[in-house]
Structures are given as structure tokens and as C-alpha cells.
Amino acid sequence: MAIRRILTVPDPVLKQVSKPVAEVTDETRALMDDMLETMYDAPGIGLAAVQVGVPLRIIVMDLAREDEPKAPRFFVNPEILERIEETQPYEEGCLSVPDFYETVERPSRVRLRYLNYSGEPVEEWAEGLYAVCIQHEMDHLEGVLFIDHLSRLKRNYAIDKVKKAKRLAANA
Ligand code: K2U
Ligand code: ZN
């Protein structure tokens, strides 16, 4: 397993629409293992493959709290089959937009279909933080960042803040 570099705004790769995975192979699983290790190291609770520069429709997630055993989840070619109308606000962050947090409204329950780590099909409802995180990650698969749901002013502020932080780090 390896920890990979997480791309940050304004990297154009993050705007790519990720392609479906033809078959879940050992190579797919090796990538998911790397993504999970990268996510734990960040730390984060979700990660899309495009964030480590691989525009494939793959997501990893672990919603377990720090005082709970790890509970990794793997999603290949995830689809949202149904969304309820009710929405919930959540203050989101993103490993590709470091140190910026803003509230985003999203449907509070969604019905998912995806292939798991073994390549088997799964259908289930997601709610609460699971619903927030899977929708945030599935946005990544469409080249959409959570800041794209904000005003132009807030989006530009977030991007300028990350660019400035990268300039300062480069000159340190
Ligand atoms: O896509 C990512 O960058 C991973 C996010 C996933 C996430 C964003 C918003 C809401 C829930 C999950 C990172 O895990 S951001 C860090 C984080 C950690 C705990 C709760 C919220 C955000
Ligand atoms: Zn993100």
C-alpha cells in the first residue's frame, strides 16, 4: 500500500468527469487500498479516486469515530437511484480545498447502487453523515467540488486561500 498525493484546487484534473470501471480487479483493489491509506493519513472520512489523480468512478469512506473500530467502505461505479426531497445542511470540508469549511444543503436520504470491494452489486439507503459524504464524493466523480455549490464570491475566496497557502508553503 502507498500514500498518494491529494490534488488541491485549482488543479484541472479535479474538474474531470471520472470514467466507469469495466471490471473490479486486483489492480482496482490495490488502488482502493492506497486510497484508504491516503484518506486515513490525511485524515479524512471519504476520498474519490480523482483526488489522487485517477479519474475512475471509485470512492472509499470510513465514518467510524476515532474511538470506534475502523469501518472501511468501498464504492465502485456508484449511482444514486433515488433522492428524497427533504434536505439537511452540513458544514463541509474537502481534502482538495484544505482549511475551508462552508455549509451545503443536500438531500437527507439517498438510495445507492454500487459494486463493493469484491465487485458484488449492493443497493442501500444512506442517511445522516453517510448521505452527506457519499453525495460529496459522487460530486467529485462529476468534476464538482463542494465550493461549486456556493456563491461565486465564496468559491473564489476558497480557491484564492488555497493558492496563497501553497505559495507560502513553497517559499517556507
Ligand atoms: O472528499 C473529500 O475531500 C473528503 C471529505 C469528505 C467529507 C466532506 C464533507 C462532509 C463529510 C465528508 C473529507 O473527509 S473532509 C474532512 C472532514 C472530516 C469529517 C467531517 C467532515 C469533513
Ligand atoms: Zn472533497
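The legends below describe close-up views of a predicted model.

**View 1. The residues around ligand 1.** Ligand 1 is surrounded by 14 residues, and the closest of them are Ile45, Gly46, Leu95, His136 and Glu137. By class, this shell consists of 6 nonpolar, 6 polar and 2 charged residues. The space that ligand 1 takes is the largest pocket.

**View 2. The elements that build the shell of ligand 1.** Strand S4, residues 87-92, and helix H2, residues 128-141, each contribute at least two residues to the shell around ligand 1. Helix H2 gives the most, with 5 residues.

**View 3. Polar contacts of ligand 1.** The contacts shown here involve oxygen atoms of the ligand and polar atoms of Ile45, Gln51 and Glu137. At Gln51, a polar side-chain atom lies 3.1 Å from a ligand oxygen atom. At Glu137, an N or O atom of the side chain is 2.8 Å from an oxygen atom of ligand 1. On its own, ligand 1 has 470 Å² of accessible area, of which the protein covers 86%.

**View 4. The zinc ion, ligand 2.** Which atoms coordinate the zinc ion? The donors are SG of Cys94, NE2 of His136 and NE2 of His140, at 2.1 to 2.2 Å. Along the chain, these donors follow the spacing C-x41-H-x3-H. Cys94 and His136 link distant parts of the chain, since they stand 42 residues apart. Cys94 belongs to the loop between S4 and strand S5 (102-107), whereas His136 belongs to helix H2. His136 is also among the residues closest to ligand 1.

**View 5. The cis peptide bond before Pro10.** Val9 and Pro10 are joined by a cis peptide bond, with omega at about 5°. Pro10 is located in the segment that precedes helix H1, which spans residues 26-41.

View 6. The peptide bond that runs from Ala42 to Pro43 is cis, and its omega is near -5°. Pro43 is placed in the loop between H1 and strand S1, residues 46-48.

View 7. Asn77 is part of strand S3, which covers residues 72-83.

Key
Residues are numbered from 1 along each chain as its sequence is written. Chains are lettered from A and ligands numbered from 1 in the order in which they are written. This is a predicted model: local features need pLDDT of at least 70, side-chain atom pairs count only at pLDDT 80 or more; totals for chains, interfaces and linings use all residues. Side-chain values use heavy atoms; hydrogens and water are left out. A residue is near a molecule or strand if one of its heavy atoms lies within 4 Å of it. A polar contact is a pair of N or O atoms within 3.5 Å; within protein, one must be able to donate a hydrogen and the other to accept it, and residues adjacent in sequence count only if both atoms are side-chain atoms. Accessible areas come from the Shrake-Rupley method with a 1.4 Å probe; for residues, only the protein chains shown count as cover. On a 1 Å grid over the protein atoms alone, a cavity is a set of points where a 1.4 Å probe fits but cannot get out, and a pocket is an open set with protein on both sides within 12 Å along at least five of seven lines; lining residues have an atom within 4 Å of a point. A molecule sits in a cavity or pocket if more than half of its atoms lie within 2 Å of its grid points. Helices (H or I, at least four residues) and strands (E, at least two) are DSSP runs, numbered from the N terminus. Ala, Val, Leu, Ile, Met, Phe, Trp, Tyr, Cys and Pro count as nonpolar, Asp, Glu, Lys and Arg as charged, and the others, Gly among them, as polar. Donors are N, O and S atoms within 2.8 Å of the metal (3.2 Å for Na, K and Ca); water is not among the atoms, so sites may look incomplete.
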